[in-house]
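User: Hi! I am new to reading protein structures and would like to go through one with you. Could you show me how to read its main features?

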Amino acid sequence: MTNIEQLRQLMESRKKICFLTGAGISTASGLADFRGKEGLEKRKSPVPYETLLSIDYFYAHPDLFYRYYKEFLIVGDTKPNIAHQKIAALGDTVQAVITQNIDGLHTAAGSRNVIEIHGTTLTYSCLCCQKQYPEAYVKKSAGVPHCDCGGILRPDIVFYGEMLDQRRLAAAVSAVRKCDLLVVVGSSLVVYPAAGLVREISPAAKLVIINYDPTPYDNMADLVLHEDISSVFAAL
């Protein structure tokens, strides 16, 4: 039995599937991952990405933040790819899609109960009055985008140096504990606390990891596919 046939069999036999996705699922949509062969950390930018995406840098240099952010990190008109679409097509069998991504592509594909533990670049909030704005408003703004009240807008993401939203994290933990199949897609499983969610599955649940490169949790998995993600989902 091939890996694809094993994966299909597992997904068809389970009633409460949970997905945990990382940047690797979105590379086929044209977005760079962070640690892959063509990842962001290997690209040259005027400021290291972990510095650029730190809350201290944002507050100290909002002008420089937005200059580099718009050039290197804003998602733009990216569309969901076959992996996002196939996950959404599973419908109510999927209990939750937990994603480390901030690109909004799972929601765009039609998935329900998407838990974006690192937030999203698709909305922005005023630091003064908390009014929200869409990404389109920020893209057309020159320099630092401002609210009608004059306050600076920030992307609704979790910056380095900030705590994760505890309600989202609790929802993610609850979903993983209740699932009978956890499928990790496109995550290196080295960024915590997201990576630690793998350890929350019940003893009766199955674990599948689909990632081009090895992860620290491969030895825990019932099935590991070190293959191109789009090809895997196209074959399902």
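User: In what order do the six strands of the open sheet come, and is the pairing parallel or antiparallel?

Analyst: First, a word on what you see: this is a predicted model, where local features need pLDDT of at least 70 and side-chain atom pairs count only at pLDDT 80 or more, while totals for chains, interfaces and linings use all residues. Residues are numbered from 1 along each chain as its sequence is written, and side-chain values use heavy atoms, with hydrogens and water left out.
Now the general idea: strands of a sheet pair through backbone hydrogen bonds, either parallel or antiparallel. Here the order is β3-β2-β1-β7-β8-β9, and the pairing is parallel. Strands (E, at least two residues) and helices (H or I, at least four) are DSSP runs, numbered from the N terminus, and two strands pair if DSSP finds at least two bridges between them.

User: Which strands are at the edges?

Analyst: Those are β3 (114-116) and β9 (223-225), each of which pairs on one side only. From one strand to the next, the twist averages 15°. For a closer look at one pair, take β7 and β8: five bridges join them, and L181 stands opposite K206 in β8.

User: How does helix α1 lie on the strands, and which of its residues are buried?

Analyst: The general idea is that an α-helix has 3.6 residues a turn, so residues three or four places apart point the same way. Helix α1 (residues 3-13) lies across β1, β7, β8 and β9, and runs at about 130° to β9. (Axes are lines fitted to C-alpha atoms, for helices over the stretch in contact, and angles run from 0 to 180 degrees between N-to-C directions.) Its buried residues are I4, L7, L10 and M11. Buried means under 20% relative accessible area, exposed over 50%, and partly exposed in between, with a 1.4 Å probe and protein chains only.

User: Why are those four on the same side of α1?

Analyst: Because they cover an arc of only 125° around the axis, taking the directions from the helix axis to the C-beta atoms. What covers them includes β1, β7, β8, β9 and α9 (229-235).

User: Which residues touch the most other members of the largest nonpolar core?

Analyst: In soluble globular proteins, nonpolar side chains tend to be buried together. A nonpolar core is a set of buried Ala, Val, Leu, Ile, Met, Phe, Trp, Tyr and Cys residues joined through side-chain atoms within 4.5 Å. The largest one here has 24 residues, and I98 and L182 touch the most other members. Helix α8 gives the most to this core, with four residues. Leaving aside neighbours within four places in sequence, L182 is in contact (heavy atoms within 4.5 Å) with residues including C18, F19, V176 and V208.
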